[in-house]
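I opened the model to look up a few local features. My notes follow in the order in which I made them.

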Amino acid sequence: SKEDKEYFIYMSKQAKKAEVYYLHEEIGFNYRMSNLLAALGIAQLADFDFRLKRKKAINLFYRSCLEELGFRFLSAREDATPSYWLSCALVPDHVDAGTLISQLDGNYNIESRFIWNPMHRQPVFQNEEALLNGASEQLFKKGICLPSGVGLSDDQLKYVVDAIKRIISH
């Protein structure tokens, strides 16, 4: 049936609701890789070093432009080599992350997201024990995931930063 098909598609996409943050009501799966995507992944391994360097450059660019405005980024441990898979930051105290995300999208066509919705807030885990100290709630409230794709040009990164500066200066 159509309902079954929609449910199977929903479950194959990690049972994630279509929100600007990650919201799970059930435990789903990540079965979305086709043969074509697998072949693409193998091809991407050929330029893995480039991808790592570009991800790091993107993160360092955001840091160099946004830390002076009060954005805070996670520091890597000295004995670790981060992949910089996703550039995330905490917005300054005077900035509302939700408003920033909304204005980036609505006014500048820039997609950004809240940092992950805490596990204890996921409907699928509502009856599970949670050991809370407020840290995950604060990260969710103040955290933003910035555009981080390796295909972003330097001009596009500058556009993101300029948009953020315009938004938070008002």
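I began with the accessibility terms: buried means under 20% relative accessible area, exposed over 50%, and partly exposed in between, with a 1.4 Å probe and protein chains only. The model is predicted, so I kept in mind that local features need pLDDT of at least 70 and side-chain atom pairs pLDDT 80 or more, while totals for chains, interfaces and linings use all residues. Residues are numbered from 1 along each chain as its sequence is written, and side-chain values use heavy atoms, with hydrogens and water left out.

**Cysteines**

I looked up C145 and found it buried, at a relative accessible area of 6%. Its closest cysteine sulfur is in C88, 3.4 Å away, which is too far for a bond. The cut-off I applied for a disulfide is a pair of cysteine sulfur atoms within 2.5 Å. C65 is buried as well, at 14%. For C65 the closest cysteine sulfur is also that of C88, at 17 Å, again too far for a bond. Searching the whole structure, I get 0 disulfides.

**S87**

What surrounds S87, leaving aside its neighbours within four places in sequence? Counting contact as heavy atoms within 4.5 Å, I listed I58, N59, Y62, I144, C145, L146 and S148. S87 sits in the loop between helix 3 and strand 1. Helices (H or I, at least four residues) and strands (E, at least two) are DSSP runs, numbered from the N terminus. With 1% relative accessibility, S87 is buried. Its side chain makes a polar contact of 3.2 Å with that of N59. I took a polar contact as a pair of N or O atoms within 3.5 Å; within protein, one must be able to donate a hydrogen and the other to accept it, and residues adjacent in sequence count only if both atoms are side-chain atoms.

**Helix 6**

I checked the length of helix 6 (residues 154-168) next. The expected span of a helix is 1.5 Å times one less than its number of residues. For the 15 residues of helix 6 this gives 21 Å, and the end C-alpha atoms are 21 Å apart, which agrees.

Which residues of helix 6 are buried? I noted L157, V160, V161, A163, I164, I167 and I168. Seen down the axis, these buried residues fall within an arc of 155 degrees, so they line one face of helix 6. The arc is that of the directions from the helix axis to the C-beta atoms. An α-helix has 3.6 residues a turn, so residues three or four places apart point the same way. D154 and D155, on the other side of helix 6, are exposed. The buried residues pack against helix 3 (48-66) and helix 4 (97-108).

**Aromatic pairs**

I paired rings of Phe, Tyr and Trp (its six-membered ring) if their centres lie within 6.5 Å; planes under 30 degrees apart count as stacked, over 60 as edge-to-face and the rest as tilted. I count 6 aromatic pairs by this rule. W85 and W116 have ring centres 5.9 Å apart and planes at 25 degrees, so this pair is stacked. W85 lies in the loop between helix 3 and strand 1 (88-90), and W116 in the loop between strand 2 (113-114) and helix 5 (135-142), so the pair ties together parts 31 residues apart in sequence. W85 is exposed at 56%, whereas W116 is partly exposed at 35%.

Y108 and Y159 form an edge-to-face pair, 6.2 Å centre to centre with 75 degrees between the planes. Y108 belongs to helix 4 and Y159 to helix 6, so this pair ties together parts 51 residues apart in sequence. I noted Y108 as buried at 19% and Y159 as partly exposed at 39%.
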